[in-house]
Amino acid sequence: MIPAKFDYIKASSVQEAIGLLDEHGFDAKIVSGGHSLIPAMKLRLSRPEVLIDISGISGMNTITEEGNEIVIGASCTHADIVKSDLVNAKLNMLAQTAKCIGDIQVRNRGTIGGSLAHADPSADYPATVLACDATIVVEGKEGSRSIAATDFFLGIFTTALAEDELITAIRFPKVTTGNYQKFFQSASRFAVVGVAVVKEGDAVKVGVTGVSDTPYRATAVENAYAAEGSKAAEHATDGVEVMSDHFADEEYRTHLAKVFVKKALEA
Amino acid sequence: METFIGKSIKRREDDRFLKGAGRYTDDIKLKGMTHSAFVRSPYAHANIISIDVSEAQNMEGVVAVFTGNDACGAFGVPCGWQVDFKNGETMREPLHPLLAKDVIRHVGEAVAIVIAETQELARDAAELVKVKYKGLPAVTDPKKAMEAGAPKVHDQWPDNAAFDWCIGNDRAAVEAALANAHHVTEMEYKNHRVAPNAIEPRSYIASYDVNVDKYTLYTSTQNPHLIRLLLCAFALGIPEHKVRIVSYDVGGGFGSKIYHYTEEALLTWASKEIGRPIKWTSDRSEAFLTDAHGRDHVVHSKMGFDKEGKIVAHLTDEYCALGAYLSTFAPAVPTYLHGTLFQGVYTTPLIHLNVVAPFTHTVAVDAYRGAGRPEATYLLERMLSKAAKEMNMDPAELRFKNFIPPFDGVTQPGFQTQVALQYDSGNYEGVLKRGLEMLGYEDFRKEQAEARKNGKLLGVGISTYIEGCGIAPSAVVGALGARAGLYEVGHVRVQPTGKVSVFTGAHSHGQGHETVFAQFVADKLGIAMDDVDIVHGDTDQVAFGMGTYGSRSLSVGGSAIIKSIDKILEKGAKIAAHKLEAAEEDLVYAEGKWTVKGTDKSISFGDVSLTAYVPHDYPEGLEPGLDFSSFYDPSNFTYPFGTHIAVVEVCADTGKVTLQRFVACDDVGNVMNPMIVDGQIHGGVVQGVGQALLEEVVYDDEGQMITGSYMDYAMPRADDIPMIETDRTVTPCPHNPLGVKGAGEAGAIGSTPAVVNAVVDALAHLGVTDIQMPVTPQRVWKAMQN
Amino acid sequence: MQITMKINGQTYSHDVEPRISLAQYLRETVDLTGTHIGCDTSGCGACTVHVDGAAVKSCTLLAVQVNGSEITTIEGMANGSELHPIQEGFKEHHGLQCGFCTPGMVMTAADILKNNPNPSEAEIREGLEGNFCRCTGYHNIVKSIQHAAEKLNA
């Protein structure tokens, strides 16, 4: 499998990358680890004419502590996150989430920014990003803006990123009372259901991926939690259109969503 | 003197593989080599309205584009086995064209080949070939294919059946016995379709040398000589002596690389047309769509028991998919490789199997590790366990009640089955006893009862299998419809210095022949293993051969080599007698030398070898040289058997099955290299477990494959599997010189029903009696809800 | 595009099309055919090599993306005729049959052991989740890596 022809440009700064995006519009794609994009290009399902490699831009692969936040550069690989002492100490559910992605080789190469921008409905990060109320920092021609996680995911492979924007970082509040629980699809090992829960006193925030074509905050669970405790998991798919495929039809996936929300609430 | 048989000698082939120096087909580059890509149908069933290749043809770097409208359109690949209708009608056998011309019959069928200077250009140009299709309704399920009004795969026949065949006792007698049985167990299920998935995709390089008028085809095949025969005599009609087939290292086969594929013939034809070598290597996506699949039987079965639990009769009806065209061995798989094992290891007096085998709008189904025997074993072993539960008996006890008693095939005769075959030797209760002991069966049952009280779902599943291997006596398979003999060739060339080159028609694609064959050759000749070289995979070096499949390499291929060694020792004795001035009958051969009995007068193998090639002082009338080739045609199949036991835990919340333990006690006859036999069992077991738990090829109603990549086809991974606990009993095969039975397929045959039996056992107290394979979390969870 | 990288200690420089994967580049341009391609979707792991010391799937990486990197392939593991302890483990424990997945297995094993010199059986199995083997049932691969771990820790 070989992609269709394209030009490759290694950007040395965010500004250069944005300029190139602006210049080439729909014909251009950003690549960092490439683990979402390159397989699609090999199958010729994605055919960018220009590939802008942002993996060499300095400052985008750092993990830092800024006040109450942990800031993850968009080019950080899943392995960077798994191995980060800072993440393990102050945002361990993100390390837990990253560890569930792919395999050693994929984690060594795939990036958090790439995964979020790709917005696969069965990807792992979205649940955690949502439950943590993280902020996606993006930069475009018009400058920098921050998008709340709840506003970021718009649909299957669709995000709030504008055509000329790229993700530069993800800002997470420090969370040590959260966890991520996943039921693996047996072939791809993507999430059939992935649930992230953050507990804040009597309140919970619940992010769910894999269940619907858009990852979501299970607000029905969150609202019922104070009264019902982990039984609130029964509301895991309230108001949600549940996906169905060969591995999990609507009935089974709905059941799994409840099981894994419960598991995450009780963890 | 060091001997080698029965020892776990480390493999001599390993260093090259471990250093990345294997010679797989795609590693080969020839001078002037072009690359190719196929245009494949996105439809399962369609009429081709038009094909426009002009844009592709005019692209820079494109060497040629061929379609079914070119001369190659007249050629097709043959089927090697004919199974006729039970009413006498001849098997329906369509042309399997190298390129589809008018009608598409499965997704992925090739419409055009594009040949270009590079792989990239070939793929780019393939996208420029414009094909107009008119989509038609498709049928992919074998039972639905036989329903009235089903879409027809081939218009020339009134229905989709390629044949309707039966085996065993008279159907009416079996039905009568079932009607009178104390208990009847019944099952309806699908032994679903799986994809072999050798990790090396198929790869071919065809080259035609005009100066010597000779073709060379490098191919990832399990049987180079068979490919040459099929390619020359049937596909292209080219002279066999002008074709060389080379398959050095092959990255796994599991059956899928036995068959003569259309791409092999097409590349060979095209290489002469363009006068340059052409390479094609399959993508994994193409492999899912075009490699022959395995299984795909829809089964309805009844088994009757008397009040003691003895089986009185067994009746089964099956619909077995063949795919759109008949692959090389396809008709044999659901018939002679399947029905002939319906006796199992039991004394069942009355057996009848009817098989309707339709064409379907899918890629072909052919032999996949075990080939027909896993399907037979799955049926028998699920039935036995289901029956035991229904009759409130222990599944091991029910098996012990029904076993054929032990027989060695030497002092006791072989066992004549109701389904054509005669078993060679067996001790079926022995492997079950040992298997139960390895597991600690009684303790497990206690543990299971305890666990159940705590809501933990543990299950144990037993399977006691037999298989027919060492395919095969030519006269027998000929009578059963094979269009080839199935002997093997072993050529032993003693070099003048006493070093030995062995040329075998068997082919190693992971089995370790280079090591194992050298072990017994060295022992038989009393020389060092380092003095023995094993050559395979090149028709210009190896005189003839039938290849490796059906666990036949050692029992058939090894025996052919032994025959040649016998001839060498016989001739060597004449030379030795002459040199030692003794009578031949006074000589003994041991430890690499001939010695005159009762004396210290001897001559070494090396000295005799040199004499044979420098025959100055030499027996009168004896030809020089020490070089023999032999054909070995076995007198019977071999019949390995064993017990596999699985222990599973089912997650009550999700239905996910975890395989906790897997115990395998196999009897493969004598063992040349225990390390390699264990490795074969491990691999086979995991393939069988894969079918039970994970793997499934799914076509939708339009004939689209929805499991066409590793994103959707679940392969067993390291963390899906526990360590495999193995042991053996040894019941030698009485009819071949090494006493071996074959170990390649055993693991895949015994394991699948053991796992499903265990899952059903774990859920039995919830009223679950059967679950369709693969027992995915979703299926298990749903079974628990009902 | 002109790229330069150090492969198994030797520097290579070539003009390549951007769409060529690292796996293809290694196999076809540099003639290091020990790195195998078994799938299209980063599933099977036969193409695993090390880029700057980390195991990656070279079929899902463009050669141009690793311009300037240090690459180790299976051909760079042995020291002449002396096998690397991981390779030795595979030979000792029959951790390979057809040999096709083996280079990827060895390279992944090296990454596992680099980050976790004393892995449990479960950790080895988990570490191999990105590598398919169809021959061995993984049993002997696990034992091979255990052997290598012992040897490397000795």
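Predicted model: local features only at pLDDT ≥ 70, side-chain atom pairs only at ≥ 80, totals over all residues.
Two residues count as in contact here if their C-beta atoms, placed from the backbone, lie within 7 Å.

Let's start in chain B with strand β27 (residues 657-667). Eight of its 11 residues are buried, so β27(B) is largely enclosed by the rest of the structure. On one side of the story is strand β26 (residues 641-650) of chain B, which runs antiparallel to β27(B) and is joined to it by 10 bridges. If you want a pair to click on, B:Gly642 has B:Asp666 in β27(B) as its bridge partner. The two strands make a hairpin with six residues between them, and B:Gly655 in the turn has a positive phi of about 85°.

β27(B) also pairs with strand β28 (residues 724-728) of chain B, this time in the parallel sense and over five bridges. Here B:Cys665 is bridged to B:Asp727 in β28(B). To get from β27(B) to β28(B), the chain goes through helix α17 (residues 674-693) of chain B, and this β-α-β crossover is right-handed.

The axes of α17(B) and helix α18 (residues 746-763) of chain B come within 7 Å and cross at roughly 40°. The call on their orientation follows from that angle: α17(B) and α18(B) are therefore oblique to each other. The crossing of α17(B) past α18(B) is right-handed. On the α17(B) side, the residues in contact include B:Ile681, B:Gly684, B:Val685, B:Gly688 and B:Ala692, and they meet a set in α18(B) that includes B:Ala748, B:Ser751, B:Thr752 and B:Val755.

Elsewhere in chain B, helix α10 (residues 395-402) and helix α11 (residues 428-439) also pack on each other, with their axes 10 Å apart and at an angle of about 160°. Angles over 145 degrees count as roughly antiparallel, and α10(B) and α11(B) are therefore put in that class. In the contact, B:Ala396, B:Arg399 and B:Phe400 of α10(B) meet B:Glu429, B:Leu432 and B:Leu436 of α11(B). Here are the two pairs together:

| Helix pair | Axes | Angle | Crossing |
|---|---|---|---|
| α17(B) and α18(B) | within 7 Å | roughly 40° | right-handed |
| α10(B) and α11(B) | 10 Å apart | about 160° | left-handed |

Three strands form an open antiparallel sheet in the order β22-β23-β24. β22 (587-590) and β24 (602-604) of chain B stand at the edges with a single partner strand each, so one side of each has no neighbour in the sheet. From one strand to the next, the twist averages 20°. Four bridges hold the antiparallel pairing of β22(B) with strand β23 (residues 593-596) of chain B, and B:Tyr589 stands opposite B:Trp594 in β23(B). Helix α15 (residues 553-580) of chain B packs on this sheet, touching β22, β23 and β24 of chain B, and its direction makes about 125° with that of β22(B). Helix α16 (residues 605-613) of chain B packs on the sheet too, touching β23 and β24 of chain B, at about 70° to the direction of β24(B).

Finally, the other chains. The contact between chains C and A takes 23 residues from chain C and 23 residues from chain A. On the chain C side, β4 (54-57) and α3 (102-115) each supply at least two residues, and the largest share, four residues, comes from β4(C). In chain A, helix α5 (residues 92-99) is mostly covered, with six of its eight residues buried; among them are A:Met93, A:Leu94 and A:Thr97.

Technical notes. Residues numbered from 1 in each chain as written. Chains lettered and ligands numbered in written order. Buried ≥ 20, exposed ≤ 12 C-beta atoms within 10 Å, placed from the backbone. Pairing = 2+ DSSP bridges. Right-handed = clockwise from strand over helix to strand, strands pointing away. Axes fitted to C-alpha atoms, helices over the stretch in contact; angles between N-to-C directions. Parallel < 35°, antiparallel > 145°, perpendicular 65-115°, else oblique. Left-handed = near helix turned anticlockwise from the far one by under 90°.
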